[in-house]
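Colleague: Please show me the model. I have some questions about it.

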Amino acid sequence: MTDNPLILPMFSHIALCAFLYVLLTIARAPKVWGLWQMNDGSNPWHACETRITNNLKNQFEWPLFFYIACVLLLAEGDAVSQLQCYLAWAFVAGRVLHSIIQIGTRNIRLRGIVFTINFLAVLAMWTDMVYQTL
């Protein structure tokens with residue numbers, strides 16, 4: 001196992017994705033297995049199920065660029081800068097906040113602001129990585 005400090009933020013995002021899959025399974029349980037249905041047979045988490053599904057899809061869009069940056073930094077073999085570590089953790093924190101907001105609210109404006117944290121963190125990771133290679 002490597003001592004690279006990017007492994008833990010990468011794993012944290014994977015753990016978030018795993019948690020979202022568990023949450024989605026629970027939200028679909030009334031429809032799929034008939035568990036936890038309302039008295040009328042409806043799914044009490046129907047509205048939330050769509051938001052969880054959409055959030056899970058989001059975890060495989062912009063985060064792709066985060067993972068590519070991390071893998072390139074890992075492959076480089078040099079020590080990862082403290083800046084890169086902070087940016088990686090900012091990305092993960094932003095992803096967690098984004099998930100909470102997208103699943104728990106309908107506040108698109110706030111979700112967009114929080115997405116900007118993720119976006120800028122990854123963009124800064126790439127910018128720093130490119131700058132260091134020049």
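Colleague: Is leucine 8 buried, exposed or partly exposed?

Modeller: This is a predicted model: local features need pLDDT of at least 70, side-chain atom pairs count only at pLDDT 80 or more, and totals for chains, interfaces and linings use all residues. Residues are numbered from 1 along each chain as its sequence is written, and side-chain values use heavy atoms, without hydrogens and water. Buried means under 20% relative accessible area, exposed over 50%, partly exposed in between (1.4 Å probe, protein chains only). Leucine 8 has a relative accessible area of 49%, so leucine 8 is partly exposed.

Colleague: Which helix holds leucine 8?

Modeller: Helices are DSSP runs (H or I, at least four residues), numbered from the N terminus. Leucine 8 has its place in helix α1.

Colleague: Is glutamine 59 buried or exposed?

Modeller: Glutamine 59 sits in the loop between α2 (46-58) and α3 (63-76). Contact means heavy atoms within 4.5 Å. Beyond its neighbours within four places in sequence, glutamine 59 contacts His13, Leu16, Cys17, Leu20, Arg95 and Ser99. Its relative accessible area is 2%, so glutamine 59 is buried.

Colleague: How far apart are the end C-alpha atoms of helix α5?

Modeller: The expected span is 1.5 Å times one less than the number of residues. Helix α5 (residues 108-133) has 26 residues, so it should span 38 Å. The model agrees: the end C-alpha atoms are 37 Å apart.

Colleague: Which helices do the buried residues of α5 pack against?

Modeller: The buried residues of α5 include Val114, Asn118 and Met125. They pack against α3 and α4 (82-104).

Note on methods. Helices (H or I, at least four residues) and strands (E, at least two) are DSSP runs, numbered from the N terminus.
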